Amino acid sequence: MKNLESENHILVSKGTILLKQGSIATQGYLVKKGCLKSYTLDNTGKEHILQFAPESWLITDLDSFTNQIPAIVCIEAVEDSEISEMNKSDFKEFSDLDKDSIVEMATKLRNNLIATNKRVIGLLSSTAEQRYLDFTNTYPTLIQRLPLKLIASYIGITPEYLSEIRRKLAKK
């Protein structure tokens, strides 16, 4: 029986773009080590980070991957990373996966959806400080690993304002 751990591992360097906006997503990526990000570029070229994928997370442009339409996000390695590529047949062949792998895949997809829903709600209704706290809860391992610039972009504020928030929280 096949399991998620039996996939080939690929090493990618920091800065490697795995999916370009406008391309068709033919792969999903399971992060074994390191961190990937998905982001979109607006008309001015400004980057808006949608998601980070640290160890044990899956990431892709799901609409592009599922419906073979142009991707609306880019996916890039923010650290040197070890990943497993998963194509459509990997997702379709659940009958070849052992039960533990099916549960693991469903859990990863569920957690991704939960994090995305919380993120959207937070962007619509939370303060910058609360969005930062939500980030620390969602991605506790990334606080010390990522530059403030990336975290600030994710929560929709400037790096300077993020530094101010962190100073304020440190005083509490």
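In what order do the elements of the protein chain run from the N terminus on? The sequence of elements is β-β-β-β-β-β-α-β-β-α-α-α-α-α. In this predicted model, the secondary structure of the protein chain comes to six helices and eight strands.

Next comes the chain as a whole. The protein chain has 172 residues, of which 41% count as buried.

Seven aromatic pairs are found in the whole structure. One of them joins Phe52 and Phe135: the ring centres are 5.9 Å apart and the planes stand at 80°, so this pair is edge-to-face. Phe52 belongs to strand β5 (residues 47–53) and Phe135 to helix α4 (residues 128–138), so the pair ties together parts that are 83 residues apart in sequence. Phe52 and Phe135 are both buried.

Phe52 also forms an edge-to-face pair with Tyr139, with 5.8 Å from centre to centre and 85° between the planes. Here strand β5, which holds Phe52, is linked to the loop between α4 and α5 (148–155), which holds Tyr139; the two residues are 87 apart. Tyr139 is buried, as is Phe52. Together with Trp57 and Tyr154, the residues Phe52, Phe135 and Tyr139 form one aromatic cluster.

A ring can also have a charged residue over its face, and Tyr39 is a case: Lys37 lies over the face of Tyr39, at 4.8 Å from the ring centre.

Technical notes:
Residues numbered from 1 in each chain as written. Predicted model: local features only at pLDDT ≥ 70, side-chain atom pairs only at ≥ 80, totals over all residues. Heavy atoms only, no water. Phe/Tyr/Trp six-rings, centres within 6.5 Å; stacked < 30°, edge-to-face > 60°. Helix = DSSP H or I, 4+ residues; strand = E, 2+ residues; numbered from the N terminus. Buried < 20%, exposed > 50% of the residue type's maximum accessible area, 1.4 Å probe, protein only. Lys NZ or Arg CZ within 6 Å of the ring centre and 35° of its normal.
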